[in-house]
Amino acid sequence: MHRGKSTGWPYDRKPVLVFWETTKACQLKCKHCRAEAILQALPGELSTEEGKALIDSLTDFGRPYPILILTGGDPLMRKDVFELIEYAVEKGIRVGLAPAVTPLLTEETIERIAESGVRAVSISLDSPFPDVHDAIRGIEGTWEKTVWAIKEFLKHGLSVQVNTVVMRETVEGLPEMVRLLKDLGVEIWEVFYLVPTGRGNFESDLRPEEWEDVTHFLYEASKHLLVRTTEGPMFRRVAIMRKALEEKGLDPDEVLKPGELYFRLKKRLVELLGKGGEARAQTMGTRDGKGIVFIAYNGNVYPSGFLPFSVGNVREKSLVEIYREGELMKKLRSAEFEGRCGKCEFREICGGSRARAYAYSLNPLAEDPACPYEPGSYLRLAKKFNLHLPIEIFGAQKPI
(Lines give C-alpha, C1' and ligand atoms only; values in the text may rest on other atoms or scores of the structure.)
Protein backbone atom coordinates (compact mmCIF):
# COMPACT_ATOMS: atom_id res chain seq x y z
CA MET A 1 0.00 0.00 0.00
CA HIS A 2 1.39 3.40 -0.95
CA ARG A 3 4.90 2.51 -2.09
CA GLY A 4 7.21 5.47 -2.60
CA LYS A 5 9.55 5.86 -5.51
CA SER A 6 12.87 4.13 -5.05
CA THR A 7 14.98 6.76 -6.78
CA GLY A 8 16.46 9.19 -4.28
CA TRP A 9 14.66 7.94 -1.15
CA PRO A 10 17.14 8.02 1.75
CA TYR A 11 16.52 4.54 3.16
CA ASP A 12 19.35 4.89 5.67
CA ARG A 13 17.62 7.91 7.17
CA LYS A 14 13.93 7.05 7.09
CA PRO A 15 11.40 4.40 6.10
CA VAL A 16 8.87 4.77 3.32
CA LEU A 17 6.27 2.81 5.25
CA VAL A 18 5.64 2.61 9.00
CA PHE A 19 3.24 -0.16 9.95
CA TRP A 20 1.59 0.19 13.34
CA GLU A 21 -0.16 -2.88 14.75
CA THR A 22 -2.67 -0.79 16.64
CA THR A 23 -4.16 -3.81 18.42
CA LYS A 24 -4.09 -7.59 18.51
CA ALA A 25 -7.88 -7.68 18.77
CA CYS A 26 -9.82 -9.01 15.78
CA GLN A 27 -13.06 -10.93 15.26
CA LEU A 28 -11.62 -13.17 12.53
CA LYS A 29 -9.76 -16.44 13.15
CA CYS A 30 -7.38 -16.52 10.18
CA LYS A 31 -5.37 -19.75 10.06
CA HIS A 32 -2.21 -17.96 8.83
CA CYS A 33 -2.50 -14.85 11.03
CA ARG A 34 0.88 -13.22 11.62
CA ALA A 35 -0.45 -11.39 14.68
CA GLU A 36 -2.13 -14.44 16.23
CA ALA A 37 -5.02 -12.06 16.75
CA ILE A 38 -7.56 -12.61 19.53
CA LEU A 39 -10.96 -11.20 20.44
CA GLN A 40 -9.74 -8.89 23.20
CA ALA A 41 -6.89 -6.38 23.26
CA LEU A 42 -3.82 -7.54 25.13
CA PRO A 43 -2.49 -5.66 28.15
CA GLY A 44 0.25 -3.19 27.30
CA GLU A 45 -1.33 -1.80 24.13
CA LEU A 46 -0.15 1.72 23.29
CA SER A 47 -2.59 4.25 24.70
CA THR A 48 -4.16 7.05 22.71
CA GLU A 49 -1.55 9.51 23.95
CA GLU A 50 1.28 7.08 23.26
CA GLY A 51 -0.16 6.54 19.79
CA LYS A 52 -0.16 10.28 19.18
CA ALA A 53 3.44 10.46 20.38
CA LEU A 54 4.31 7.72 17.90
CA ILE A 55 2.62 9.74 15.15
CA ASP A 56 4.55 12.83 16.23
CA SER A 57 7.79 10.86 15.91
CA LEU A 58 7.17 10.30 12.21
CA THR A 59 7.59 14.03 11.61
CA ASP A 60 11.06 13.79 13.19
CA PHE A 61 12.21 11.91 10.08
CA GLY A 62 11.61 15.09 8.09
CA ARG A 63 9.64 15.70 4.91
CA PRO A 64 8.47 13.83 3.00
CA TYR A 65 7.20 11.99 6.05
CA PRO A 66 6.91 8.20 6.05
CA ILE A 67 3.46 6.85 5.26
CA LEU A 68 1.61 5.43 8.27
CA ILE A 69 -0.29 2.17 7.80
CA LEU A 70 -2.70 1.34 10.63
CA THR A 71 -3.08 -2.41 10.87
CA GLY A 72 -3.73 -5.09 13.46
CA GLY A 73 -5.47 -7.36 14.40
CA ASP A 74 -8.23 -5.08 13.24
CA PRO A 75 -7.65 -1.35 13.80
CA LEU A 76 -11.42 -0.87 13.88
CA MET A 77 -11.38 -2.68 17.24
CA ARG A 78 -9.74 0.43 18.73
CA LYS A 79 -12.32 2.96 19.85
CA ASP A 80 -9.86 5.81 19.19
CA VAL A 81 -8.87 4.78 15.67
CA PHE A 82 -10.56 7.73 13.97
CA GLU A 83 -9.08 10.12 16.52
CA LEU A 84 -5.65 8.75 15.66
CA ILE A 85 -6.31 9.01 11.92
CA GLU A 86 -7.45 12.62 12.29
CA TYR A 87 -4.37 13.45 14.36
CA ALA A 88 -2.00 12.00 11.75
CA VAL A 89 -3.77 13.71 8.86
CA GLU A 90 -3.58 17.06 10.65
CA LYS A 91 0.18 16.50 10.96
CA GLY A 92 0.44 16.12 7.21
CA ILE A 93 1.10 12.37 7.37
CA ARG A 94 -0.45 10.14 4.70
CA VAL A 95 -2.46 7.34 6.28
CA GLY A 96 -3.45 3.93 4.99
CA LEU A 97 -5.80 1.55 6.78
CA ALA A 98 -5.95 -2.25 6.80
CA PRO A 99 -9.35 -3.11 8.30
CA ALA A 100 -10.55 -6.65 8.81
CA VAL A 101 -13.80 -7.63 7.15
CA THR A 102 -16.01 -8.19 10.19
CA PRO A 103 -19.41 -6.89 11.36
CA LEU A 104 -17.60 -3.67 12.35
CA LEU A 105 -17.05 -2.84 8.69
CA THR A 106 -20.47 -1.43 7.92
CA GLU A 107 -21.57 0.99 5.21
CA GLU A 108 -21.48 3.77 7.80
CA THR A 109 -17.93 2.82 8.82
CA ILE A 110 -16.78 2.81 5.21
CA GLU A 111 -18.27 6.28 4.72
CA ARG A 112 -16.46 7.50 7.83
CA ILE A 113 -13.16 6.03 6.62
CA ALA A 114 -13.63 7.75 3.26
CA GLU A 115 -14.27 11.08 5.00
CA SER A 116 -11.44 10.71 7.53
CA GLY A 117 -8.52 11.55 5.25
CA VAL A 118 -7.36 7.96 4.79
CA ARG A 119 -5.68 7.77 1.37
CA ALA A 120 -6.00 4.05 0.72
CA VAL A 121 -7.19 0.81 2.25
CA SER A 122 -5.93 -2.73 1.92
CA ILE A 123 -8.41 -5.58 2.03
CA SER A 124 -7.48 -9.24 2.29
CA LEU A 125 -8.98 -11.61 -0.26
CA ASP A 126 -7.10 -14.87 -0.40
CA SER A 127 -9.01 -16.79 -3.04
CA PRO A 128 -11.53 -16.30 -5.83
CA PHE A 129 -13.35 -19.29 -4.39
CA PRO A 130 -15.61 -18.43 -1.41
CA ASP A 131 -15.18 -21.75 0.39
CA VAL A 132 -11.38 -21.51 0.29
CA HIS A 133 -11.29 -17.91 1.53
CA ASP A 134 -13.82 -18.54 4.29
CA ALA A 135 -11.92 -21.62 5.49
CA ILE A 136 -8.74 -19.55 5.73
CA ARG A 137 -10.42 -16.63 7.49
CA GLY A 138 -12.33 -18.88 9.87
CA ILE A 139 -15.77 -17.29 9.43
CA GLU A 140 -18.39 -18.41 6.90
CA GLY A 141 -19.62 -15.60 4.66
CA THR A 142 -16.41 -13.58 4.87
CA TRP A 143 -15.72 -13.87 1.12
CA GLU A 144 -19.07 -12.36 0.17
CA LYS A 145 -18.67 -9.54 2.71
CA THR A 146 -15.12 -8.87 1.48
CA VAL A 147 -16.19 -8.49 -2.15
CA TRP A 148 -18.96 -6.15 -0.98
CA ALA A 149 -16.46 -4.07 1.03
CA ILE A 150 -14.10 -3.74 -1.94
CA LYS A 151 -16.93 -2.46 -4.11
CA GLU A 152 -18.04 -0.02 -1.40
CA PHE A 153 -14.56 1.42 -0.88
CA LEU A 154 -14.11 1.87 -4.62
CA LYS A 155 -17.53 3.52 -4.83
CA HIS A 156 -16.40 6.01 -2.20
CA GLY A 157 -13.32 6.93 -4.24
CA LEU A 158 -10.66 5.26 -2.11
CA SER A 159 -7.64 3.50 -3.55
CA VAL A 160 -8.08 -0.19 -2.80
CA GLN A 161 -5.22 -2.65 -2.60
CA VAL A 162 -6.20 -6.30 -2.36
CA ASN A 163 -3.88 -8.54 -0.37
CA THR A 164 -3.67 -12.24 -1.19
CA VAL A 165 -1.64 -14.80 0.74
CA VAL A 166 -0.05 -17.43 -1.46
CA MET A 167 0.19 -20.81 0.21
CA ARG A 168 -0.66 -24.42 -0.52
CA GLU A 169 -4.40 -23.75 -0.14
CA THR A 170 -4.56 -20.72 -2.48
CA VAL A 171 -1.92 -21.16 -5.17
CA GLU A 172 -4.12 -22.88 -7.74
CA GLY A 173 -6.65 -20.05 -7.67
CA LEU A 174 -4.22 -17.30 -8.66
CA PRO A 175 -5.33 -16.97 -12.31
CA GLU A 176 -8.99 -16.72 -11.30
CA MET A 177 -7.95 -14.20 -8.66
CA VAL A 178 -6.52 -11.91 -11.34
CA ARG A 179 -9.77 -12.10 -13.28
CA LEU A 180 -11.84 -11.37 -10.17
CA LEU A 181 -9.77 -8.29 -9.35
CA LYS A 182 -10.10 -7.05 -12.91
CA ASP A 183 -13.87 -7.59 -12.76
CA LEU A 184 -14.04 -5.64 -9.49
CA GLY A 185 -11.99 -2.76 -10.87
CA VAL A 186 -9.08 -3.26 -8.45
CA GLU A 187 -5.80 -1.91 -9.83
CA ILE A 188 -3.30 -2.95 -7.13
CA TRP A 189 -2.61 -6.54 -6.06
CA GLU A 190 -0.27 -7.13 -3.11
CA VAL A 191 0.75 -10.78 -3.05
CA PHE A 192 1.99 -12.08 0.30
CA TYR A 193 4.40 -15.00 0.18
CA LEU A 194 3.55 -17.12 3.22
CA VAL A 195 6.02 -16.88 6.09
CA PRO A 196 5.59 -19.58 8.75
CA THR A 197 5.19 -17.20 11.70
CA GLY A 198 2.30 -16.54 14.06
CA ARG A 199 -0.40 -19.03 13.05
CA GLY A 200 1.18 -19.57 9.64
CA ASN A 201 2.37 -23.18 9.42
CA PHE A 202 5.20 -24.88 7.58
CA GLU A 203 2.84 -27.39 5.94
CA SER A 204 1.20 -24.58 3.96
CA ASP A 205 4.53 -23.33 2.61
CA LEU A 206 5.55 -24.04 -0.99
CA ARG A 207 8.75 -25.67 -2.20
CA PRO A 208 11.45 -23.35 -3.62
CA GLU A 209 10.77 -24.42 -7.21
CA GLU A 210 7.06 -23.73 -6.68
CA TRP A 211 7.79 -20.26 -5.32
CA GLU A 212 9.90 -19.64 -8.41
CA ASP A 213 7.01 -20.71 -10.64
CA VAL A 214 4.59 -18.47 -8.73
CA THR A 215 7.00 -15.58 -9.13
CA HIS A 216 7.25 -16.06 -12.90
CA PHE A 217 3.44 -16.26 -13.05
CA LEU A 218 3.07 -12.99 -11.14
CA TYR A 219 5.14 -11.22 -13.77
CA GLU A 220 2.62 -12.39 -16.37
CA ALA A 221 -0.20 -11.30 -14.05
CA SER A 222 1.39 -7.84 -13.89
CA LYS A 223 0.45 -7.43 -17.55
CA HIS A 224 -3.13 -7.11 -16.33
CA LEU A 225 -2.77 -5.08 -13.08
CA LEU A 226 -0.10 -3.61 -10.83
CA VAL A 227 1.55 -6.39 -8.81
CA ARG A 228 3.56 -5.96 -5.62
CA THR A 229 4.84 -8.60 -3.26
CA THR A 230 5.37 -8.87 0.49
CA GLU A 231 8.10 -11.25 1.66
CA GLY A 232 8.58 -12.20 -1.98
CA PRO A 233 11.41 -9.88 -3.07
CA MET A 234 12.58 -12.44 -5.64
CA PHE A 235 9.72 -11.07 -7.72
CA ARG A 236 12.00 -8.13 -8.49
CA ARG A 237 14.73 -10.42 -9.77
CA VAL A 238 12.36 -12.39 -11.97
CA ALA A 239 10.70 -9.22 -13.28
CA ILE A 240 14.06 -7.70 -14.20
CA MET A 241 15.21 -10.87 -15.93
CA ARG A 242 12.00 -11.45 -17.88
CA LYS A 243 11.71 -7.82 -18.94
CA ALA A 244 15.32 -7.71 -20.13
CA LEU A 245 14.81 -10.82 -22.23
CA GLU A 246 11.55 -9.51 -23.67
CA GLU A 247 13.27 -6.27 -24.65
CA LYS A 248 15.71 -8.34 -26.69
CA GLY A 249 12.88 -10.19 -28.40
CA LEU A 250 13.64 -13.40 -26.51
CA ASP A 251 11.07 -15.70 -24.90
CA PRO A 252 11.73 -15.76 -21.13
CA ASP A 253 10.00 -19.14 -20.86
CA GLU A 254 12.47 -20.65 -23.30
CA VAL A 255 15.54 -19.07 -21.70
CA LEU A 256 14.68 -19.31 -17.99
CA LYS A 257 12.69 -22.57 -18.15
CA PRO A 258 10.23 -22.22 -15.26
CA GLY A 259 8.41 -25.32 -14.09
CA GLU A 260 5.10 -27.06 -14.62
CA LEU A 261 3.18 -25.04 -12.02
CA TYR A 262 4.04 -21.81 -13.85
CA PHE A 263 2.86 -23.12 -17.21
CA ARG A 264 -0.37 -24.41 -15.69
CA LEU A 265 -1.15 -21.08 -14.03
CA LYS A 266 -0.15 -19.06 -17.09
CA LYS A 267 -2.29 -21.20 -19.40
CA ARG A 268 -5.37 -20.53 -17.29
CA LEU A 269 -4.58 -16.82 -17.05
CA VAL A 270 -4.33 -16.51 -20.84
CA GLU A 271 -7.57 -18.45 -21.25
CA LEU A 272 -9.30 -16.07 -18.83
CA LEU A 273 -7.83 -12.71 -19.82
CA GLY A 274 -5.57 -13.05 -22.83
CA LYS A 275 -1.89 -12.14 -22.88
CA GLY A 276 -2.25 -8.66 -21.42
CA GLY A 277 -0.23 -5.52 -22.08
CA GLU A 278 2.95 -4.02 -20.68
CA ALA A 279 4.09 -5.51 -17.38
CA ARG A 280 3.47 -3.43 -14.26
CA ALA A 281 5.72 -5.28 -11.84
CA GLN A 282 6.85 -3.06 -9.00
CA THR A 283 10.57 -3.53 -8.35
CA MET A 284 11.23 -0.91 -5.69
CA GLY A 285 14.10 -2.01 -3.46
CA THR A 286 12.47 -1.89 -0.03
CA ARG A 287 12.76 -4.89 2.26
CA ASP A 288 12.43 -5.69 5.95
CA GLY A 289 14.31 -2.94 7.78
CA LYS A 290 15.07 -1.00 4.59
CA GLY A 291 12.28 1.43 3.92
CA ILE A 292 9.95 -0.60 6.15
CA VAL A 293 9.53 -0.71 9.91
CA PHE A 294 6.84 -2.25 12.10
CA ILE A 295 5.61 -1.18 15.55
CA ALA A 296 3.78 -3.84 17.53
CA TYR A 297 0.76 -3.22 19.74
CA ASN A 298 3.04 -2.82 22.80
CA GLY A 299 5.59 -0.51 21.20
CA ASN A 300 8.15 -3.16 20.23
CA VAL A 301 9.82 -2.35 16.92
CA TYR A 302 10.58 -4.96 14.28
CA PRO A 303 12.11 -4.76 10.79
CA SER A 304 8.72 -5.97 9.53
CA GLY A 305 5.57 -7.55 10.86
CA PHE A 306 6.71 -10.97 9.69
CA LEU A 307 10.18 -10.76 11.27
CA PRO A 308 9.64 -11.07 15.05
CA PHE A 309 13.15 -9.93 15.99
CA SER A 310 12.80 -6.88 18.25
CA VAL A 311 15.18 -3.98 17.62
CA GLY A 312 13.82 -1.69 20.34
CA ASN A 313 10.68 -0.18 21.86
CA VAL A 314 9.22 3.27 21.20
CA ARG A 315 8.49 3.62 24.92
CA GLU A 316 12.23 3.55 25.55
CA LYS A 317 13.84 5.07 22.44
CA SER A 318 12.71 7.27 19.58
CA LEU A 319 11.65 5.53 16.41
CA VAL A 320 14.17 7.63 14.50
CA GLU A 321 17.03 6.34 16.65
CA ILE A 322 15.84 2.74 16.46
CA TYR A 323 15.49 2.86 12.68
CA ARG A 324 18.77 4.66 11.98
CA GLU A 325 21.07 3.21 14.63
CA GLY A 326 19.83 -0.30 15.35
CA GLU A 327 22.59 -2.81 14.61
CA LEU A 328 20.37 -5.28 12.78
CA MET A 329 18.61 -2.49 10.88
CA LYS A 330 21.93 -1.22 9.56
CA LYS A 331 22.99 -4.71 8.52
CA LEU A 332 19.71 -5.29 6.72
CA ARG A 333 20.05 -2.04 4.81
CA SER A 334 23.66 -2.70 3.84
CA ALA A 335 22.76 -6.20 2.57
CA GLU A 336 25.12 -8.03 4.94
CA PHE A 337 23.52 -11.37 4.18
CA GLU A 338 24.88 -14.88 4.44
CA GLY A 339 24.82 -17.82 2.06
CA ARG A 340 23.59 -17.35 -1.49
CA CYS A 341 21.80 -14.10 -0.65
CA GLY A 342 25.11 -12.55 0.35
CA LYS A 343 26.73 -13.53 -2.96
CA CYS A 344 23.79 -12.68 -5.22
CA GLU A 345 24.00 -9.87 -7.76
CA PHE A 346 20.41 -9.00 -6.79
CA ARG A 347 21.17 -8.60 -3.08
CA GLU A 348 20.41 -4.85 -3.13
CA ILE A 349 17.15 -4.92 -5.09
CA CYS A 350 16.02 -8.26 -3.61
CA GLY A 351 18.02 -9.58 -0.68
CA GLY A 352 15.63 -12.45 -0.05
CA SER A 353 12.93 -12.56 2.59
CA ARG A 354 14.57 -11.81 5.91
CA ALA A 355 11.42 -12.97 7.69
CA ARG A 356 11.46 -16.37 5.98
CA ALA A 357 15.17 -16.76 6.67
CA TYR A 358 14.45 -16.13 10.36
CA ALA A 359 11.43 -18.46 10.42
CA TYR A 360 13.52 -21.36 9.15
CA SER A 361 16.91 -20.66 10.76
CA LEU A 362 16.35 -18.07 13.53
CA ASN A 363 18.96 -15.99 11.69
CA PRO A 364 17.54 -12.89 9.96
CA LEU A 365 20.68 -12.57 7.83
CA ALA A 366 20.64 -16.15 6.49
CA GLU A 367 19.80 -17.00 2.89
CA ASP A 368 16.14 -17.20 1.91
CA PRO A 369 15.20 -20.91 1.80
CA ALA A 370 12.39 -20.24 -0.69
CA CYS A 371 14.70 -18.97 -3.42
CA PRO A 372 16.38 -21.52 -5.74
CA TYR A 373 18.33 -18.90 -7.72
CA GLU A 374 22.04 -19.47 -8.24
CA PRO A 375 23.96 -16.20 -7.89
CA GLY A 376 25.62 -15.02 -11.07
CA SER A 377 23.10 -16.64 -13.42
CA TYR A 378 21.76 -13.33 -14.70
CA LEU A 379 25.22 -11.91 -15.19
CA ARG A 380 26.05 -14.88 -17.39
CA LEU A 381 22.81 -14.40 -19.32
CA ALA A 382 23.54 -10.71 -19.65
CA LYS A 383 26.90 -11.49 -21.19
CA LYS A 384 25.45 -14.11 -23.53
CA PHE A 385 22.53 -12.01 -24.78
CA ASN A 386 23.88 -8.49 -24.16
CA LEU A 387 21.14 -7.76 -21.63
CA HIS A 388 20.60 -4.57 -19.68
CA LEU A 389 22.41 -4.16 -16.33
CA PRO A 390 20.65 -1.26 -14.56
CA ILE A 391 23.17 0.82 -12.62
CA GLU A 392 20.65 1.41 -9.79
CA ILE A 393 20.50 -2.34 -9.21
CA PHE A 394 24.00 -3.57 -9.90
CA GLY A 395 25.93 -0.46 -8.93
CA ALA A 396 29.45 -0.29 -10.24
CA GLN A 397 29.62 -3.93 -11.36
CA LYS A 398 30.92 -4.26 -14.90
CA PRO A 399 30.77 -7.97 -15.67
CA ILE A 400 30.50 -7.54 -19.46
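Which helices each supply at least two residues of the lining of the second largest pocket? In this predicted model, they are α7 (208-221), α8 (234-247) and α15 (377-385). Residues are numbered from 1 along each chain as its sequence is written. Because the model is predicted, local features need pLDDT of at least 70 and side-chain atom pairs count only at pLDDT 80 or more, whereas totals for chains, interfaces and linings use all residues; side-chain values use heavy atoms, without hydrogens and water.

The second largest pocket holds about 240 Å³ of space. A pocket is an open set of points on a 1 Å grid over the protein atoms alone where a 1.4 Å probe fits, with protein on both sides within 12 Å along at least five of seven lines, and its lining residues have an atom within 4 Å of a point. The volume is the space filled by probe spheres set on the points. Of the 14 lining residues, Glu-212, Arg-237, Met-241, Leu-256 and Tyr-373 are the closest to the centre. Seven of the lining residues are nonpolar, two polar and five charged, where Asp, Glu, Lys and Arg count as charged, Ala, Val, Leu, Ile, Met, Phe, Trp, Tyr, Cys and Pro as nonpolar, and the others, Gly among them, as polar.

Helices (H or I, at least four residues) and strands (E, at least two) are DSSP runs, numbered from the N terminus. In α15, the residues Ser-377, Tyr-378, Leu-379, Leu-381 and Ala-382 are buried, meaning under 20% relative accessible area with a 1.4 Å probe and protein chains only.

The loop between α7 and β7 (226-230) contains His-224, which is buried at a relative accessible area of 7%. Leaving aside residues up to four places away in sequence, His-224 touches Val-178, Lys-182, Leu-269, Leu-273, Gly-274, Lys-275, Gly-276 and Arg-280, a contact being heavy atoms within 4.5 Å.

Strand β7 is largely enclosed by the rest of the structure, because five of its five residues are buried. Leu-226, Arg-228 and Thr-230 point one way from β7, and Val-227 and Thr-229 the other way. Strand β6 (residues 188-193) runs parallel to β7 and is joined to it by five bridges, pairing requiring at least two DSSP bridges. Ile-188 has Leu-226 as its bridge partner in β7.

The average pLDDT, the predictor's confidence in each residue from 0 to 100, is 92 for the protein, and 92% of the residues score at least 70.

Terms used
Buried means under 20% relative accessible area, exposed over 50%, partly exposed in between (1.4 Å probe, protein chains only).
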